[in-house]
Amino acid sequence: MVQIIDGKLISAQIKDELKQEVVALKEKGIFPGLAVVLVGDNSASQVYVRNKKTACEYVGIKSFSYELPEETSEEALLELIDTLNQDEKVHGILVQLPLPKHIDENKVILAIAPSKDVDGFHPQNVGALCTGLPGFISCTPAGVIELLKRSQVEIAGKNCVVVGRSNIVGKPVSLLLLQEHGTVTICHSKTKNLTEILKQADIVVAAVGRAKMIQGSQLKEGAVVIDVGINRDENGKLCGDVDFTSCESIASRITPVPGGVGPMTIAMLMHNCVLAAKNK
Ligand code: NDP
């Protein structure tokens, strides 16, 4: 019978572990702080930011909130980042993406000090991930690996198929699986024989952004399926990139949406904030 990988439960365990670490840090006089910057009034971003602040409160991290109007100039945002880079009380800086169109996201990512880049998007941290050096690993890919590890899924020597090659999910998750000694295949919109490739996969990570795209008939019996996608189905209900109903009878383990990878992203952000404070 399929085992549901419970991201809510695993993320709660991680946050409880971090809470203990924060207590120990505070005893040493280190008070972890995260600056959360939101520009504009994107309603999804507002929800994400609120959830991140709630997680901070739970773990014991002080959050410094900057909610800026949509018309904030690129220059003003870069100035704020510069101030936060120098602020001793701020160990991590998170600028919620997407930013309004008149602001260059790449410029903003580059402006954040790599030692405070808890989202792991700065090229220095991405480079560290590529070469296996210490650095911040972006939160969703780190969450995928943590879900596998804490569910006792062995990665070494396994055929891992990642569907999606974005900078924030597909590419970093592929590198992490490789680091764990998986044999990794990356698929994307130009991949010709997706089903053939999926049929070989012991571990499937879906990060496409297309509701219920991956069907049970495309999987190998007993595959482990991690669904990163967050989409709305035809009835407006939240769903992943994987068709859960047809896949659960074929897979050995599977993450639900919601309640799989989503909560792990926030737990790994908290992990990175604690790490940033410890590095200090
Ligand atoms: P992007 O749109 O940046 O990337 C999607 C990728 O899927 C691209 O590499 C694209 O290929 C590939 N793709 C598109 N169509 C197909 C297809 N038919 N067959 C194979 N590959 C295809 O998305 P993200 O990586 O940012 O996000 C992916 C999903 O994960 C989204 O649903 C998003 O909401 C969700 N997400 C969830 C998070 C969480 O915390 N749970 C965090 C981040 C994202 P190509 O490169 O060729 O265009």
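This is a predicted model: local features need pLDDT of at least 70, side-chain atom pairs count only at pLDDT 80 or more; totals for chains, interfaces and linings use all residues.
**Entry 1**

S166 has a polar side-chain atom 2.5 Å from an oxygen atom of the ligand. For T265, I read 2.8 Å between a polar side-chain atom and an oxygen atom of the ligand. I then checked how far the ligand is covered: taken alone it exposes 930 Å², and the protein buries 70% of that.

I listed the shell next. It holds 21 residues, and the closest are R165, S166, S189, I230 and T265. Sorted by class, the shell has nine nonpolar, 10 polar and two charged residues. Helix α10 gives the largest share of this shell, with three residues.

**Entry 2: helix α6**

Helix α6 covers residues 139-150, which is 12 residues. From first C-alpha to last it reaches 16 Å, close to the 16 Å expected at 1.5 Å a residue.

Is α6 mostly covered or mostly open? I found it mostly covered, with nine of its 12 residues buried. The buried ones are C139, T140, P141, A142, G143, V144, I145, L147 and L148. I asked what covers them, and the cover includes α1 (7-27), α7 (170-179), β7 (203-206), β8 (224-227) and α10 (261-279).

**Entry 3: two positive phi values**

After α6 comes Q152, with a positive phi near 55 degrees. I flagged Q152 because it is not a glycine. Its place is in the loop between α6 and β5 (159-163). Q152 is counted as exposed because its relative accessible area is 64%, and the cut-off for exposed is over 50%.

H181 is another entry of this kind: its phi is near 75 degrees, a positive value in a residue other than glycine. I placed H181 in the loop between α7 and β6 (183-187). With a relative accessible area of 57%, H181 is exposed.

**Entry 4: T183**

I then looked at T183, which lies in strand β6. Is T183 buried, partly exposed or exposed? Its relative accessible area is 45%, so T183 is partly exposed. Leaving aside neighbours within four places in sequence, I found T183 in contact with G157, K158, N159 and C160. I also noted I203, which is 20 residues from T183 along the chain, with 10.0 Å between the two C-alpha atoms.

Where does T255 lie? I found T255 in the loop between β11 (253-254) and α10. T255 has 0% relative accessibility and therefore counts as buried. Its side chain reaches the backbone nitrogen of D227 at 2.8 Å.

P258 lies in the loop between β11 and α10. I checked the peptide bond from V257 to P258 and found it cis, with omega near 0 degrees.

I93 sits in strand β4 (residues 92-95). I wanted to know why I93 counts as buried. The reason is its relative accessibility of 1%, where buried means under 20%. Setting aside residues up to four places away in sequence, I93 touches L34, A35, I81, L84, N85, I112, K116 and V118. A276 is 183 residues from I93 in sequence, yet the C-alpha atoms of I93 and A276 are 10.0 Å apart in space.

In the loop between β4 and α4 (105-111) I found P98. A cis peptide bond joins L97 and P98, with omega at about 0 degrees.

Definitions and conventions: Residues are numbered from 1 along each chain as its sequence is written. Side-chain values use heavy atoms; hydrogens and water are left out. Helices (H or I, at least four residues) and strands (E, at least two) are DSSP runs, numbered from the N terminus. The expected span of a helix is 1.5 Å times one less than its number of residues. Buried means under 20% relative accessible area, exposed over 50%, partly exposed in between (1.4 Å probe, protein chains only). Contact means heavy atoms within 4.5 Å. A residue is near a molecule or strand if one of its heavy atoms lies within 4 Å of it. A polar contact is a pair of N or O atoms within 3.5 Å; within protein, one must be able to donate a hydrogen and the other to accept it, and residues adjacent in sequence count only if both atoms are side-chain atoms. Accessible areas come from the Shrake-Rupley method with a 1.4 Å probe; for residues, only the protein chains shown count as cover. Ala, Val, Leu, Ile, Met, Phe, Trp, Tyr, Cys and Pro count as nonpolar, Asp, Glu, Lys and Arg as charged, and the others, Gly among them, as polar.
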